[in-house]
Amino acid sequence: MQLDKILQSQGIGSRKHCQQLIRQGHVRIDGQVIMDVKAKFETTDLTFSVFAQDYLYREQVYIALNKPQNYECSHRPQQHLSVFDFFPDELLARNIQTVGRLDQDTTGLLLFTDDGQFLHQLTHPRKHVSKYYVIETENEITQTQIEKLAQGISLKNEKGVFAAHSITQLEAYKLRFAIDQGVYHQVKRMLHAVDNEVIHLHRDQIGQLTLEQLDLAMGEWCYLLPEDVQLLKQVEST
Ligand code: URA
């Protein structure tokens with residue numbers, strides 16, 4: 001691929017801006033300054049630098065963030081900071097999007113990508129990607145509540161029933177379960193429907209990808225490994 005196009009595709013700037021950077025000698029490949037905007041390079045495993053900042057060429061990006069509280073999943077947050085504040089300009093220029101959403105007060109695993117097909121695959125209602133939550137509740141959790149959650153609950157203004165699976169009671173006031181859909185405030189509404197309330201919500205797993213394996217502190221993010229992306233892509237559909 002031509003060097004100016006490579007830089008543009010990686011979010012470095014407009015084609016014109018990238019051409020200027022190249023002509024002004026700010027771009028290196030394998031330590032060598034390249035001033036020919038039309039020079040072509042194989043992009044697989046390509047590393048380059050702009051103003052001495054190193055980059056690895058990525059055709060598409062798949063990112064995991066350990067989301068803290070008080071961040072909104074929006075480019076234009078209303079009352080808090082935006083989850084996009086964690087990322088450098090190059091990634092924002094690639095127009096990364098959140099894969100689903102977490103409420104501003106929910107913590108944990110949140111994915112981002114600029115791959116529209118991947119985004120669709122993981123968020124389409126017919127694709128069943130399990131999302132696992134650790135839930136702290138206001139009232140002591142009862143067996144009846146667990147049974148109702150497992151059987152499925154109707155939610156106001158939503159079609160169908162919403163059931164939890166892989167339910168484990170961790171403590172008197174703490175539960176972990178998975179849901180396969182993702183309607184607005186789903187976990188909070190499910191707990192409310194069984195006469196309990198969510199005090200704190202934390203997502204610790206999506207599909208087979210766990211926050212633990214990523215080893216991210218709150219507010220930290222990383223690129224996903226290709227094998228993790230592959231695992232996430234293997235979702236069932238109905
Ligand atoms: N369900 C909720 O109620 N909130 C979230 O953030 C995620 C799932």
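**The ligand site**

Select the ligand and the residues around it: Leu102, Asp103, Thr106, Tyr133, His185, Gln186, Val187, Lys188 and Leu201. Keep in mind that this is a predicted model.

Now display the polar atoms. The side chain of Asp103 has an N or O atom 2.7 Å from a nitrogen atom of the ligand. Turn to Thr106, where an N or O atom of the side chain is 2.8 Å from an oxygen atom of the ligand. At His185 the backbone takes part: one of its polar atoms is 3.2 Å from an oxygen atom of the ligand. How much of the ligand does the protein bury? Taken alone, the ligand exposes 240 Å², and 95% of that is buried by the protein.

**Lys188**

Stay at the site and select Lys188, one of the residues around the ligand. Lys188 is part of helix H6, which covers residues 186-193. Which side chain does Lys188 meet in a polar contact of 2.8 Å? The partner is Asp105. Leaving aside residues up to four places away in sequence, Lys188 touches Asp103, Asp105, Thr106, Val198 and Leu201. Among these, Asp103, Thr106 and Leu201 are also found around the ligand.

**The hairpin of E14 and E15**

Next, select residues 165-171, which make up strand E14, and residues 174-179, which make up strand E15. The two strands pair in the antiparallel sense over four bridges. A hairpin of two residues links E14 to E15. To find one of the facing pairs, pick Glu171 and look across to Lys174 in E15.

**The domains**

Domain 1 takes in 3-56, domain 2 is made of 62-125 + 209-233, and domain 3 takes in 130-206. How far apart are the C-alpha centres of domain 1 and domain 3? They lie 48 Å apart.

Select residues 1-64 next. An unreviewed UniProt entry annotates them as "domain: RNA-binding S4".

Now show the strands E1, E2, E3 and E4. They form an open sheet with antiparallel pairing, in the order E2-E1-E3-E4. Strand E2 (32-33) and strand E4 (53-56) are the edge strands, each pairing on one side only.

Strand E1, residues 27-29, runs antiparallel to E2 and is joined to it by two bridges.

Strand E3, residues 47-50, pairs with E4 in the antiparallel sense over four bridges. Val50 stands opposite Gln53 in E4. E3 and E4 form a hairpin with two residues between them. What is the phi of Phe51 in the turn? Phe51 has a positive phi of about 50°.

Definitions and conventions
Residues are numbered from 1 along each chain as its sequence is written. This is a predicted model: local features need pLDDT of at least 70, side-chain atom pairs count only at pLDDT 80 or more; totals for chains, interfaces and linings use all residues. Side-chain values use heavy atoms; hydrogens and water are left out. UniProt positions are given in the numbering used here, feature names are shortened, and annotations may be inferred rather than shown by experiment. A polar contact is a pair of N or O atoms within 3.5 Å; within protein, one must be able to donate a hydrogen and the other to accept it, and residues adjacent in sequence count only if both atoms are side-chain atoms. Contact means heavy atoms within 4.5 Å. Two strands pair if DSSP finds at least two bridges between them. A residue is near a molecule or strand if one of its heavy atoms lies within 4 Å of it. Accessible areas come from the Shrake-Rupley method with a 1.4 Å probe; for residues, only the protein chains shown count as cover. Domain bounds come from an automatic or database domain assignment.
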